[in-house]
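Please look over the structure shown below, which the following report describes from its overall make-up down to a single residue.

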Amino acid sequence: MAMQKHIIFGIHITDRLQHASHVQDILTEYGCSIKTRLGLHEASETMCSPNGLMILEIVGDEGRSREMFEKLNSVEGVEAQQMVFDHP
């Protein structure tokens with residue numbers, strides 16, 4: 001029986017106003033590979049953080065997920081990290 005994998009990306013974006021549109025373009029390109037997407041940043045009535053954190057659950061072809069991971073890390077101001085959980 002083949003092992004199933006849960007692939008999770010953590011993406012830290014600095015200067016969201018400048019870099020978020022490029023990140024969004026990449027996420028749109030690979031949208032069918034994203035099962036779950038959660039965005040986190042500090043916000044209040046008087047302040048909105050310039051930095052953000054996204055959590056993605058990835059499905060499908062591992063080659064495409066690797067491509068997306070590499071593209072995200074190629075964007076200035078973006079750091080992507082990956083966790084992979086194997087299970088039967």
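## Contacts along the chain

Among contacts (heavy atoms within 4.5 Å) between residues at least 6 apart in sequence, 74% join residues at least 24 apart. This is a predicted model, in which local features need pLDDT of at least 70 and side-chain atom pairs count only at pLDDT 80 or more, whereas totals for chains, interfaces and linings use all residues. Residues are numbered from 1 along each chain as its sequence is written, and side-chain values use heavy atoms, with hydrogens and water left out.

## Secondary structure and extent

The chain holds 2 helices and 4 strands, taken as DSSP runs numbered from the N terminus (H or I of at least four residues for helices, E of at least two for strands). Read along the sequence, they follow the pattern β-α-β-β-α-β, and the C-alpha atoms fill a box of roughly 55 × 25 × 20 Å along the principal axes.

## Burial and charge

Of the 88 residues, 28% count as buried, where buried means under 20% relative accessible area, exposed over 50% and partly exposed in between, with a 1.4 Å probe and protein chains only.

The chain carries 7 positive and 13 negative side chains, with Lys and Arg counted as positive, Asp and Glu as negative, and His and the chain ends not counted. The centres of the two sets lie 6 Å apart, each charge being placed at NZ of Lys, CZ of Arg, CG of Asp or CD of Glu.

## Asp 15

Asp 15 lies in the loop between β1 (4-13) and α1 (16-29), and its phi is positive, at about 50°, although Asp 15 is not a glycine. Most residues other than glycine have a negative phi. Asp 15 counts as partly exposed because its relative accessibility is 34%.
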